[in-house]
Amino acid sequence: MNRSTTLNLQDLRRRFERAAGLFDTADFVHTVTREGLFARLDPVVVEAKTVLDLGSATGGANDTLRSRFKPRHIISLDIARNMLRQSVRKRSWLRHFSPCHSSHVQADASRLPLADQSTDLVFCNLLLPYVDNHDAVFKEVARILTKGGLFAFATLGPDSLAEIGRAWSTVDDSAHVNVFPDMHDIGDALVRSGLREPVLDVDRLTIRYEDSAKLFADLTNVGARNTLEQRNRSLVSKDRFDKMLHVLTGADGNNTIRLELELVYGHCWGGGGKAEPGDFKIDASHIPRRRG
């Protein structure tokens, strides 16, 4: 999928590393989409011995994945080591009481260190907004899924955070908000990757802030501040920032910031993808448990 903005992967990883400690204080959108995704999976029947939580962050989906699918093995995979450490701390007291083996893996979603057809369910909550090359990620998901395995995801559509983009456009021409792909583009990319029978739908979420400082604190605490390559890397003057805030808070006439998110939910099925020649992968069952 062609996009007019690109993400700086090093900046992105750095922001998530810094955000890990406070992520759970501001992850309410992740909670909404996680619950929405599980609700959409209620009618779906899949025997999931091995589950990959792709872009797991601090492991918020872990308990529900365990209780819902009763897998033998859950792999939490994230680009940020500190996010995985938070997830380990959450699970440490249950470690000796759960029959389900847990692994925590730091990796890039476009280069999954898992064997072909080794995973029965890939659960992916709000990772895709932080991905440039969706085709590469979907191709990897198709490769590791068992035939008939399930890929379930929630992401953001192109109408998301448009209010912030419009407010910034009144003060400069720099990129401030990522360009999120349309639902139909996502569906096309899923099919190109070899995944089967994609089903997608869209929901809307309205968020209101009475305080701009709280908005930007929440964006910081979930690692969602600007990491675009095209962003202006110089400091924004106070005058320009205040002008942007005036536009952002003036829409309702009462200084309330109102943001709209377009939530895209989808699931599809694996057909048994193959690795590229020369790729080196390891079986998920051989990944050791991270201690501490």
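**View 1. Residues around the second largest pocket.** The second largest pocket of this predicted model is lined by 32 residues. Phe16, Gly55, Ile79, Leu127 and Tyr130 lie nearest its centre. A pocket is an open set of points on a 1 Å grid over the protein atoms alone, where a 1.4 Å probe fits, with protein on both sides within 12 Å along at least five of seven lines; lining residues have an atom within 4 Å of a point. The pocket holds about 510 Å³ of space, a volume being the space filled by probe spheres set on the points.

**View 2. What the lining is made of.** α1 (9-19), α2 (28-40), β2 (73-78) and β4 (119-125) each supply at least two residues. α1 gives the most, with three. Helices (H or I, at least four residues) and strands (E, at least two) are DSSP runs, numbered from the N terminus. By class, the lining has 19 nonpolar, seven polar and six charged residues. Ala, Val, Leu, Ile, Met, Phe, Trp, Tyr, Cys and Pro count as nonpolar, Asp, Glu, Lys and Arg as charged, and the others, Gly among them, as polar.

**View 3. Helix α6 against helix α9.** α6 (residues 162-169) and α9 (residues 238-249) pack at about 135°, with axes 8 Å apart. Glu163, Ile164, Ala167 and Trp168 of α6 meet Phe241, Met244, Val247 and Leu248 of α9, contact meaning heavy atoms within 4.5 Å. Seven of these contact residues are nonpolar, none polar and one charged.

**Notes.** Residues are numbered from 1 along each chain as its sequence is written, and side-chain values use heavy atoms, without hydrogens and water. Local features need pLDDT of at least 70, side-chain atom pairs count only at pLDDT 80 or more, and totals for chains, interfaces and linings use all residues.

Definitions and conventions: Axes fitted to C-alpha atoms, helices over the stretch in contact; angles between N-to-C directions.
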